Amino acid sequence: MEEKDIIISVDHLTKDYGYHRGVFDVSIKVHKGECYGYLGPNGAGKSTTIRHIMGFSKPQEGSVKIYGIDSFGNTEKILERVGYLPGEPAIPAGLDGMGFIRMMQDMRHERNNERLEYLLKTFSLDPNVPIKSMSLGEKRKLAVVAAFMNDPEVLILDEPTSGLDPIMQQVFINFIIQEKKRGKTILLSSHIFSEVDATCDTISIIKDGIHVSTFKANDLKEPDVATYNFYFHNLESIEEFKNRKPNCEIIAENKNRKIVTVKVKRENYREFFSSLSGLAIREFDEKPFTLQDYFMSFYKEEKTFGGLSGVEGNKK
Ligand SMILES: Nc1ncnc2c1ncn2[C@@H]1O[C@H](COP(=O)(O)OP(=O)(O)OP(=O)(O)O)[C@@H](O)[C@H]1O
Ligand SMILES: [Mg+2]
């Protein structure tokens, strides 16, 4: 993709809150029309990054731009083109849902009643209810409707499905897929693998404020390596297997259950499987590689962080 297609650009952003908290030298680029997943556990730095993108916080170092304009100090301008769903939406309790919607429309000097109706229907929300009597999920839906009722070009969603039940989570995922089809650019932060997997084209992982990997979702679905579990009859065969130095990476060994888990590069399949001949192997199966596995691999070992080369052998 070309430079001119970049909608959101975070360049070497650092915000140090002390005690190793904050974000450190984070760079992400979101291109027009893509759905970008920003994946990380609690406290990783997702909301901090997003607050900088929305212009609420000033970068200590680095730059944050949206449509080529520095975000900081330009929130109002940003909101003309961006729908933002905060991690913890602040909704004034004194109004009813419709009152809040009208207030937001007046603030933006824009009314798109057709879009509003569509969103209320999609998320099954009755807005004619006092906000103070709404459940957490209903308030969340109201925040969603308010964020997207003027049909913005860009959607920035900070953990959008938290507080929604599984059915509504699915409705939300479908909504994102629809918006993507309509050409919208989407940045979504999450720690839920399934929703990122179902919606995102590009995924970045952040851990302890540090960017650890960016990759295309499709590369993960068809990785260049396969992971197998081999179930041996006895421990001697496991030793024999290892002595043969097969062309693979042994990633786990369970002596009690006599299971060895290996990663094999697709290009080495034939050679690898021929090297097994005569070993007392009861059976084997392939472990499908998931986003969760990839994510968790950053927590199991101190690996050298990189792109998807992490999948291919952790080197970069
Ligand atoms: N204003 C602040 N002052 C001091 N520390 C902060 C501030 N904002 C965030 N932090 C710290 O920075 C780190 C990143 O916080 P952030 O809210 O960005 O995480 P997150 O990835 O959004 O987590 P969650 O999934 O829990 O929402 C945390 O350790 C948090 O305590
Ligand atoms: Mg957050």
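Q: What is the volume of the largest pocket, and what makes a space a pocket?
A: The largest pocket has a volume of about 560 Å³, the space filled by probe spheres set on grid points joined across faces, edges and corners. A pocket, on a 1 Å grid over the protein atoms alone with a 1.4 Å probe, is an open set of points with protein on both sides within 12 Å along at least five of seven lines. This model is predicted: local features need pLDDT of at least 70, side-chain atom pairs count only at pLDDT 80 or more, and totals for chains, interfaces and linings use all residues. Side-chain values use heavy atoms, leaving out hydrogens and water; residues are numbered from 1 along each chain as its sequence is written, with chains lettered from A and ligands numbered from 1 in the order in which they are written.

Q: Which residues lie nearest the centre of the largest pocket?
A: Leu 79, Tyr 84, Met 104, Met 107 and Arg 108 do, among 23 lining residues (an atom within 4 Å of a point). Helix 3 gives the largest share, five residues. The lining has 16 nonpolar, two polar and five charged residues.

Q: Why do strand 12 and strand 14 count as edges?
A: Strands pair if DSSP finds at least two bridges between them. The four strands form an open sheet in the order 12-13-11-14, with antiparallel pairing. Strand 12 (249–254) and strand 14 (281–287) each have a single partner strand, so one side of each lacks a neighbour in the sheet.

Q: How do you know that strand 12 is joined to strand 13?
A: Five bridges join strand 12 to strand 13 (residues 259–265), against the at least two that a pair needs. Glu 253 stands opposite Val 260 in strand 13.

Q: What makes the contact of helix 3 with helix 4?
A: Helix 3 and helix 4 (residues 113–122) pack at about 145 degrees, axes 13 Å apart. Met 98, Ile 101, Arg 102 and Gln 105 of helix 3 meet Asn 113, Leu 116 and Leu 120 of helix 4, contact meaning heavy atoms within 4.5 Å. These contact residues divide into four nonpolar, two polar and one charged.

Definitions and conventions: Ala, Val, Leu, Ile, Met, Phe, Trp, Tyr, Cys and Pro count as nonpolar, Asp, Glu, Lys and Arg as charged, and the others, Gly among them, as polar. Axes are lines fitted to C-alpha atoms, for helices over the stretch in contact, and angles run from 0 to 180 degrees between N-to-C directions.
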